[in-house]
Each structure stands twice: as structure tokens, then as C-alpha cells.
Amino acid sequence: MRAETLKGHLDGLLLSSLEAGPRHGYAIMEALRSGSGGQFDLPTGTVYPALRRLERAGLIEGTWSQEGGRQRRVYELTSAGRRTLTAERGSWQQFSAAVTALLQPAPRPATP
Amino acid sequence: MTGNPAVEAYLHAAADSMPGPRRERSDILAELRSGLLDAIDAHRATGLQGHAATEAAITEFGNPRQVASAFRPHLAMIQARHTAVALTATGPLVGLLWAAAAVASHITLRHAPPWQWPGAPPLSAAAFPAIAAALLILITSTVITIAATGKLSRWLPASPRIAAAAAATAGFTAVAADLAILALLASQLASAPGTLDPIPVAAATTASLTRLTLARRAARSCLAVRATLT
């Protein structure tokens, strides 16, 4: 899937990938890739700017930690991030339900 | 350092097109380095050997210049924020030092406003409203910058170009305010040198000169970062 198609939803997807617990950047990327069955294959380097932006907005918090012999920046949802994720999820469900309903093939008119 | 020349070359290429505050840049590069090493490990786990794993990781990350340019809006926001925070932290101190200098020079005990003192320089009547206007612009642009670049950006999605412009405005206005007050001081010293208390006036002058230099540099950095945004 092209990066532009994903753009408006990337924030919600990143927040969602942290819902189960803290993760570092590469693990977030792998979660997006495997969680979408390989559909979301962004250049990995572009996930990091999005994480910095979310951190600046106070939705996630990054801290450096030593993990398996390597320094990694580990991100965690803040309570504002959790609230935003809930809101984002709700509006996506409404939107996708509406699109699904509209894209249903119309029933064929009954032949007289 | 990773000891992996291809990774270091990638980071070097990214760093070259990434202007902004030094500490934030090096933190970002450290994060990219650790991510690239994770990616190399992941590719090794799928069976790629040595250099092939590194190549695959670098391809996966994407063009380093493109990655760097994706960071530029964030770096502009951080540059703007640092400038605004520094101005907020130093502004009251500079103001207090000038107030102390005024009190020590018994300016507050005189019954006439400063521009009516004996020997008041001709432009001093204009300097005070100019300083007041500068302070108003300075405070407004600082507040805008801080709101646009921090947690409030969730509700106020401002563009990094606007944030950097607001921060640069705040910086240059601080420079203008310092220059105006120093000009006023110079003309007062020239026309009536005995009316001022030298030590507090020297302290306030030093503070203003220091702030002026730093504010000018910060404002120019904001403009430089802003110029790299497309």
C-alpha cells in the first residue's frame, strides 16, 4: 500500500501498536508490517519522524533504555495518547461502517 | 558508532540534510542507528549474511535524504520551541535588571516621566512606546510559538513554518527591545552622565548585550531551519 494512502491513519496505527505495552521504533514498524499482513510496508525511516511528532504532542513518551545489549528508544502511550486512540478508533469505525454500507453492490432491480 | 561503515555512511548522509538543534539531531541519529542495527538483526534472522543484511536494512529504511527531510518539520518545531523557551526564561531577568537599575538611579522617585528630565535626549519620548510595543510583540509571538510546538499542538495544528517564523519574530523583537533600551541609556549617559547608578546599570547592560547576541543567533537559526522546509 502506498505511503500516501496511509498518511491520515498513521498516527492512530502507531498509537494502537503501543496499546499492549511499550515498544521501540523498529518493533513498532514490525508490528505494523505483520499486523497488516504485509500490506503496510512504509520505508522504516519515516516511522521515526512520526514518533517524534507524537511525542512532542504529548501522546507518547520516549525513553532510552538498555535492552539486550543495545540502547533503544522505547515509546509508551501517555494517558492523553490512550484517550486519542479511543477517539480515533471510534471515528474510524463510524467512517468505515459508512463507507462499507455505501460500497455494497446495489441490489438488482426486480425484473417485471 | 557501530563499526558498520555502511550504517555510519547512511547516518552521515541523513545528518547532512538535517538542520536544527544539535542535541535533538544527535538523539535522532542515535535512534536511527539503533533502528538500523535492529533491522540488520531482523534480516540476519531471515538468513541473509554479512553485507547483504546491512544492504537490506538500508533499503528498508529508505533514502537517507528523504528520511532526513521527514524530520525537518519536527526539527523546526524544536528549534522554535527552544528559542521561545529561552526568551521566556531570560526576558524577566533582563527586565528585572533594568528595573533594578532604574530604582537604584532613583528614576522612580522623580516626578516627571523620563523624557521630561533635565537633559533628556530628544528621541527618548519615542523610545518608551517603542520598547512597550516590542514587549507586546515579543510576548505574543513567544506565546504563539510555545502553544504551536508543544502539547497544545494536538488542538492547534500549526505549521512548522509558522512556528519558526513566530520564534524568529520573537528573537528579533528581543534584539530590537535591547537595542532601543541601550540607545536610550547611551544618550542618557551622553547628556546627563551623573544621573545613573553605575553598578546596576552595568549589570543590566551586560544582561541586555548577552541576550541580544543570543537572541539574534537563535532567531537566525529559526529562519535557517524554516528555509529548509518545503
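Chain B has seven helices and zero strands. This is a predicted model.

**Chain B: build**
- From the N terminus, the order of elements is α-α-α-α-α-α-α.
- The radius of gyration of chain B is 25 Å, whereas a compact globule of 230 residues would have one near 17 Å.
- Along the principal axes, the C-alpha atoms of chain B occupy a box of roughly 85 × 35 × 25 Å.
- Of the 230 residues in chain B, 37% are buried.
- Take the contacts in chain B between residues at least 6 apart in sequence: 77% of them link residues at least 24 apart.

**Chain B: nonpolar core**
- The largest nonpolar core holds 73 residues.
- Leu36(B), Ala80(B), Ala163(B), Ala164(B), Ala167(B) and Cys222(B) touch the most other members of this core.
- Helix H4 of chain B, residues 64–104, gives the most to the core, namely 15 residues.
- Domain 1 (5–62) and domain 2 (73–227) of chain B both contribute residues, so the core lies between them.
- Beyond its neighbours within four places in sequence, Ala80(B) contacts Thr145(B), Thr149(B), Ala163(B), Ala164(B), Ala166(B), Ala167(B) and Cys222(B).

**Chain A: build**
- Along the sequence, the pattern of chain A is α-α-β-α-α-β-β-α.
- Chain A is more spread out than a compact globule, because its radius of gyration is 18 Å, well over the 13 Å that the globule rule gives for 112 residues.
- The box filled by the C-alpha atoms of chain A is roughly 75 × 25 × 20 Å along the principal axes.
- Buried residues account for 26% of the 112 residues in chain A.
- Among chain A contacts between residues at least 6 apart in sequence, 49% connect residues at least 24 apart.

How values were computed. Residues numbered from 1 in each chain as written. Chains lettered and ligands numbered in written order. Predicted model: local features only at pLDDT ≥ 70, side-chain atom pairs only at ≥ 80, totals over all residues. Helix = DSSP H or I, 4+ residues; strand = E, 2+ residues; numbered from the N terminus. Rg over C-alpha atoms; globule rule 2.2 N^0.38 Å. Buried ≥ 20, exposed ≤ 12 C-beta atoms within 10 Å, placed from the backbone. Contact = placed C-beta atoms within 7 Å. Core = buried A, V, L, I, M, F, W, Y, C linked by C-beta atoms within 7 Å. Domains from an automatic or database assignment.
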